[in-house]
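Visitor: I am new to this structure and would like a short tour. Could we begin with the charges?

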Amino acid sequence: EFSAPITLTPSNIWYVDSASGNNTTGLGSLIAPYLKIQKGIDRSINGDTVYVKPGTYSESILINKSILVKSTDGVAKTKLIQESGIGYSIKVFNPAFSDPYTTTRINGFYMKGTGNSSNSTGLRVEQKAYATIDNVFMDGYDLALSTYYGYYSVNNSIFYGNRIFAYGDAGDVDKSNIVQNSTIINTIWSVYEASTNSTNKYYNLIITNEKSKPFQSPNPFNGPRPFLYNVILDKTFANYNPQDGSTKFIVDDAESMRFKNLALKDFRLENTSPAIGFGNTTLTNAFDYDGQARPNPTGSNPDAGAYENIYDHPAPFIDTDSSRNGFVLLKMTQTPAGSVNKINIYKGLTTAPTTKYKDTTLVSKYADSLNTIFNKVIYYRLTSVGASNLESGYSNEIKTISFTPPSLNFPTDLSVKA
């Protein structure tokens, strides 16, 4: 005779699946997951993990305990869409509103807001709660990050098209918001609006807007001056003075960062990006937005922004070329110039040449005065060698045609006059 049936529930780990889950009959296990993220959070206790399977989750979630909420397949396959009528995508809070702080971790989500209205916040942290955010993409919020007696640490993340990146209300003076190795692009109004007791420390960031989308605020850092440690900013901030000890680098705009494809929101770094090797190692950060090792190569300085390139310093960028009388002139920019001692020239008759042609010291222009290839398309690429004696990746490619120099023939009848 069989005993009475019992229900088994998982311990410490809960699964959510938008395709196969069920909030009524599911157990939160791998084979019987819940449908909604909130259901997994509600069933969890401090120290648990809620794993979220690939899919689109149209819900706003509340987290009031110390847990990890993590996608199983990463940001590209896991979307969290802000629920209509709810003012946030994620709210993290401590129901006791007292010490000790709750500690929540969130990892691997693409988060989409309802737009730049006042009822759209990506992450709200409040009431003595602390949140660690890794590998998220926040897109289209009024406030990407917001706090009230709450604090956060953000790593390897992307923030695009938000009206304000961070809003800081009242909080404990001994706490700091930390953002590390993240890319913040096309912020509409300001980087932050903060109260007088808000401390913000930014490490290895890229904060730029496209040329056609400048910051609308006359003061994009509105509040206490931040600490900027190896942060790349666009020319909006050329005259801005952050806290003493800060290190910043100014570029014209987001186009100057040389992302893989700015229009498609692909913020990986081309080999010529000034973000390569610009970061510091003050804080530990072993992987980038894609899970690639950071820093790369081992022992080098990490890159600024969410992604890590495989080289330790940028390649030169070929700005223009010209050809005249058989000579080819390349004009180039090396950023930063101080870390490079040699330029290698690669030349060929087919695209992407890999045969080294010449090398030269660091120069802003190179004249190929020994060229012997005329009336054919020639392809050029450059690399640079830094103080580490490591070679950069290849630069952008230029193709040109060097026409045969004209022959000067003296007239045979010298009595003929013009």
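Guide: For the charge count, Lys and Arg are taken as positive and Asp and Glu as negative, while His and the chain ends are not counted. Please note that this is a predicted model.

Visitor: How many positive and negative side chains does the protein have, then?

Guide: There are 37 positive and 36 negative side chains, and the centres of the two sets are 5 Å apart.

Visitor: How many helices and strands are there?

Guide: The protein has one helix and 31 strands. Its C-alpha atoms fill a box of roughly 120 × 60 × 40 Å along the principal axes.

Visitor: What share of the residues is buried?

Guide: Of the 418 residues, 50% are buried. In strand 14, which spans residues 164-168, four of the five residues are buried.

Visitor: Which strands pair with strand 14?

Guide: Strand 12 (residues 143-155) pairs with strand 14 in the parallel sense over four bridges, and there Leu143 has Ile164 as its bridge partner. Strand 17 (residues 190-194) also runs parallel to strand 14, joined by four bridges, with Ala166 opposite Tyr192.

Visitor: What is Leu145 in contact with, beyond its neighbours within four places in sequence?

Guide: Its contacts include Leu123, Phe159, Phe165 and Ala166.

How values were computed:
Residues numbered from 1 in each chain as written. Predicted model: local features only at pLDDT ≥ 70, side-chain atom pairs only at ≥ 80, totals over all residues. Heavy atoms only, no water. Buried < 20%, exposed > 50% of the residue type's maximum accessible area, 1.4 Å probe, protein only. Helix = DSSP H or I, 4+ residues; strand = E, 2+ residues; numbered from the N terminus. Pairing = 2+ DSSP bridges. Contact = heavy atoms within 4.5 Å. Charge placed at Lys NZ, Arg CZ, Asp CG, Glu CD.
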